[in-house]
Amino acid sequence: MFEYALSVMIFLPILAGLTLFLFPFSDSASRISGFIVSIVVLFLGIELFLGFSGSGAMEYAESKAWIESLGIRYSLGVDGISLLVLMAGAILFPMVFTIFSTRSKGFYANLLITQGAMIGAICATDMVLFYIFWEIMLLPIFFMIGIYGGPNRLPATVKITLYTISGSLLMLAGLVYIGVSYHEQFGRWTFDIVELSNLKLSGGFAVLAFFMFMIAFAIKIPLFPFHTWLPDAYTEAPSSTTFVLSAIMAKIGVYGVIRFIVPIFAIELARFAILLAFAGVIGMMYCGLAAIAQKDMKRMLAFSSASHMGIIALGVFCMNVQALTGCLFQIAAHATSTGVLFLFIGLMEERMQTRNIADFGGIAYRAPIFATFFAIAMLASVGLPGTSGFIGEFLIILGAIKFSGFIGFLAGTSLIIGVCYMLWMFQRVFFEKSGEGTEKFQDLSLSEALTFLPVILLILAMGIFPQPFIKKIEPTAQLHIAEMTMMAQKQLADTRLPIVVDTHQKN
Amino acid sequence: MEHTVTYLGFIPLLPLLGAVVIGLLHMFTCKKTPLPELFYGALACIGPVLSFFLALVVFFQLKGLPAEDRFLTHNVFTWFAVGDLHVDMGFLADPLSSLMLLFVTFIGSLIHIYSVGYMAGDENFGKFFSYLNLFLGSMLILVLGSGPVVMFVGWEGVGLCSYLLISFYSKDTDNVLAGNKAFIVNRIGDLGFVLGMSVLFWAIGASGFDYLSLKANVAGIPPGVGVAVCLLLFVGACGKSAQIPLYVWLPDAMAGPTPVSALIHAATMVTAGVYMVARFSFLYAHYPVAGSVVAWVGILTALLAAIFGMFQKDIKKILAYSTVSQLGYMFAGVGVAAYSAGIFHVFTHAFFKALLFLGAGSVIYALHHEQDIWKMGGLKEKLPKTYMTMLVGAFALAGCPPFAGFFSKDEILFSALATGHTGIWLIGVLVAGMTAYYTFRMIFLVFHGTPRVQESFDHAHEPPAVMTVPLIILAVGALFAGFLNLPGIFGGNLNVSHWLAPSLLEHHPHVSVWFELLAIATSVAAFAIGITLAYKKFGQGATEPEFTGFAKFGYHKFYVDEIYNAVFVQPYKAFGSVISRFLEPNVTDLHIKLSTWLYQKAGTAFKVFQVGYVRIYAIYMVIGLSLMSLFLSQTIK
């Protein structure tokens, strides 16, 4: 049974979601069954994490022939790159079933399908399979924002859908180009990512295909200036959906870059790395600055999330082990901090019927447990040592310094930008005098506290004992960087392109 | 030689555990039935006191080792290892960190005890002690960390506690703003720290990123890079230790409870920057250019803060500026490579400044939260113990022989002179005079003369023993601590300097006795002039003057806060608004707007062909079929 763990983690939620759609379950029954399914996935995820050896290769691999005429296979696997993204997708979901008042059956069905599709996209090692899950992922999101979202949900839904679909179409075109190129060079069809990394692409078409993929991922991450769908979508989506979007879906964008672009387009990436790195840091600064001007807490956090994603993406473009490992670690850390903050804001909205920062105040006195939890997640989000947020941010800045001193300096300003808007928000929401509305603010109930406690503990555990996590992801990061360096050097000999790759570290 | 001891990790761990336990207890009980204060107080004091005893154990164990071999380590676990970067959660006790350890735990314990009295009756009594324990634990991580990254953990930890404790009375917006300011300004410094650490790592960190390895590999660092690392790290020090241009947060930090001002914003945390420079003396000693920058920034800060201190009327603000000023002295000391002199001043300053703050706390406590010195007067009859102990502190701060501050400050000034930094020495002497002036201005106005507000004078009473006993102990320290490092000219042999020598890279310049005597005489003269001026002006009851001209300029701190606000804060906020109101909706997604516009235009363009007449469509069909036939006939042939 355990050798099919990944398939179970993908199809159990999808099937459960479809079952909910087809049969007349009551709203609360669908909530409970969704919770049970997500708990099963959670345990499978934890088992998988504990059993993961961290050798650097694909583990838990499954592979079955699927569309043989085109060499498309149903193949899955986990390595250090996907491990923590997978964990975020597997273990965070039960929370959205336990907090908040009950929503309708369709909402829970959509949530389940999203989870299955996300895990599928993370585990797929065949590009076509990845693409299919990537597309399925979008559908339930479309419904969740469009049907269950806030008052301005429709423009937000149209925006996110058009944005991501155009990205997907570009990627599809790129995918066809890659498949055909492989067929031309090797005389057979395959979309296996390991095989595809043997491709030798060059010339204008390669650059074009590179940008097709890059834009698709850049929209998902989102990388500046493709982020403009994000504030609207994050604000209008129900809080549990926003949580899923920021904690997991955005990470799949970064993951896609590492998984597909780094091995296949190593040369192009090395050539345009500096450009992309600038997009990352400028996005971080731009969204961080925008965050301070927001009056709506959720919108502020949406900008904050986009700001962090800029730094996380930067970790990929610096092309050294430290930055890449930092990026992979930060993917999980960010899900536990900013992701959870979205849930907290959802709770506050449910209690107060408002998200306006000005309507709050003095919550720290009314709800000490809630305030403490919120503060810990917030401190992780601003990267305080001892919380999960520090390790990744530090490694990325360290790596960025190696890549380019100037980029490193700009990346470092995130230390300052983050605290500016976060502390000011915290002051107005949790400190100062309580207003009429917050006078009766309820502290976390037992079930809410129990829901959040594991994540809060995880934030601290990842900050104090990060090595057990890093140990599992670092070998793959090493391997990835080594392969990329090798390819880049090979090309360097032929073309003398100006390539910035870390070739000095011996490991 | 086995250097590993397994109890070092407990020194920071004990207060941290205390913080967690007290924090949890407070969190779950504060809304129902708060636990008794004495229980929290006792729980809070256990950690610091035990840590102090462990610090003594460390000290004596180090003392038993031969001088060149004096270090103990404890690597608790591998914190993270990525590529060449290997960071252990490790601790290092050597002469330098053990000295810091001793006074931090000692003064920390005293202030915990004092706070039990001072905070009595506060609704957040438990929270306060949880934060205070958390602070002490972080400070001990900072001091004991075996490498820069672990130091940074403590560095940020104390910053967090500083923020939490400054905004402790968080119902008042001004207090929270002061806390935010402290955190954000410190973060600006932290940027320098992180960048400096990163550059240092890429230069020589690959074969071990802890102090001992870095020290061994320091020769491999290119000169330009070395200076850059020193200056970047110093930016961090400027933030934490309130030096120009990042000093602005410290005076505002006085919004916190007074014991916090004594512990965090006078005795321990703010000296972390000086400690860092001394810790990296193996680096700074190689780059006199960087050292000079440190020294000049330090002495100019000392001067600026002394000017501000002369015109303040809030007793805590006066002490805050005097702290900034004294920190400037310390940087001047470590800047001219007199590391042990700088650290010795950290040590003595901790005693007399904690004493002065706690004394001020007693005054504030006695007068029911009155902080304006122009509303005090004649208090020496009402608060004799507070008066006597504060007087000792004042003499120490003003640099009167033989009080502690005299020896340590003199050592710095003398080192500046002996290493040829005459300008720094001259400014230093001037500041010494100003220090004596503003310190005794405060003493005379608070304790001498006649009461200015009769009502609060009548109600004033000496605080309980739990508060006065720590004052007396600190006063003993302020009186005698200087003798620990008595220079040869007074018959001593620089015990502290010799103790610190294995940790630091410094040379003691040899100069003639007359030269030394001259330097001492100048310092004493500066003190005498300062105190005389203060006595003439404030000794026999003075009335509050109207500030005009330069005094007004000084009272408003040269309007630096207003300038920063106009130059940095407001534009920052405005830029945020511009982005979210204008750039974001109109400019940033121009590429999206352009493509939708193109899409629509293309639709309009194709609309031309959709005319709706069957005959036109028939023509399209004929054209299409002809083209296809043409194509087919060409390809088949």
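**Helix pair in chain A**

I started with helix α13 (residues 297-317) and helix α19 (residues 414-430) of chain A in this predicted model: their axes come within 11 Å and cross at roughly 165°. For the record, axes are lines fitted to C-alpha atoms, for helices over the stretch in contact, and angles run from 0 to 180 degrees between N-to-C directions. That makes α13(A) roughly antiparallel to α19(A), since angles under 35 degrees count as roughly parallel, over 145 as roughly antiparallel, 65 to 115 as roughly perpendicular and the rest as oblique. I noted the crossing of the two as left-handed, meaning that the near helix is turned anticlockwise from the far one by less than a right angle, with clockwise being right-handed. Then I listed who meets whom: A:M297, A:M300, A:S304 and A:I311 from α13(A) meet A:S414, A:Y421 and A:M425 from α19(A). Contact here is C-beta atoms, placed from the backbone, within 7 Å. Helices (H or I, at least four residues) and strands (E, at least two) are DSSP runs, numbered from the N terminus.

**Ground rules I jotted down**

Residues are numbered from 1 along each chain as its sequence is written, while chains are lettered from A and ligands numbered from 1 in the order in which they are written. As this is a predicted model, local features need pLDDT of at least 70 and side-chain atom pairs count only at pLDDT 80 or more, while totals for chains, interfaces and linings use all residues.

The expected span is 1.5 Å times one less than the number of residues. Its buried residues include A:S30, A:R31, A:G34 and A:V37. Buried means 20 or more other C-beta atoms within 10 Å of the residue's own, exposed means 12 or fewer, and partly exposed is in between, with C-beta atoms placed from the backbone. I found the buried residues of α2(A) packing against α1 (5-22), β1 (59-67), α3 (80-91), α4 (93-98) and α5 (105-123) of chain A.

I then looked at helix α26 (residues 614-636) of chain B, with 23 residues and a reach of 33 Å, close to the 33 Å expected. The number of buried residues in α26(B) is zero, so it lies largely in the open.

**Chain B overall, and its hairpin**

I counted 26 helices and two strands in chain B. Its C-alpha trace spans about 115 × 65 × 55 Å along the principal axes, and buried residues make up 56% of its 637 residues.

The strands β1(B) (residues 72-82) and β2(B) pair in the antiparallel sense over nine bridges; pairing takes at least two DSSP bridges. I checked two bridges: B:V82 goes with B:L85, and B:T73 goes with B:L92. The two strands form a hairpin with two residues between them, and B:G83 in the turn has a positive phi of about 60°. Is β2(B) enclosed or in the open? Eight of the nine residues of β2(B) (residues 85-93) are buried, so it is largely enclosed by the rest of the structure.

**Where the chains touch**

I got 45 residues from chain B and 45 residues from chain A in the contact. β1, α5 (148-166), α6 (173-204), α24 (560-588) and α25 (590-607) of chain B each supply at least two residues of the side that touches chain A. Which element of chain B gives the most? I have α6(B) down for that, with 15 residues.

**A buried lysine**

I looked up B:K316 in helix α14 (residues 315-335) of chain B. B:K316 is buried, with 22 other C-beta atoms within 10 Å. Leaving aside neighbours within four places in sequence, B:K316 contacts B:M254, B:T258, B:S261, B:A360 and B:Q371.

Most residues other than glycine have a negative phi, and most peptide bonds are trans. I flagged the B:I244 to B:P245 bond as cis, with omega near 0°. Another cis bond joins B:P401 and B:P402, with omega about 5°.

I also noted A:Q353, not a glycine, with a positive phi of about 60°. A:Q353 counts as exposed, with 9 C-beta neighbours inside 10 Å. B:Y559 also has a positive phi of about 60°, and I placed B:Y559 in the loop between α23 (549-555) and α24 of chain B.

Notes. Contact = placed C-beta atoms within 7 Å.
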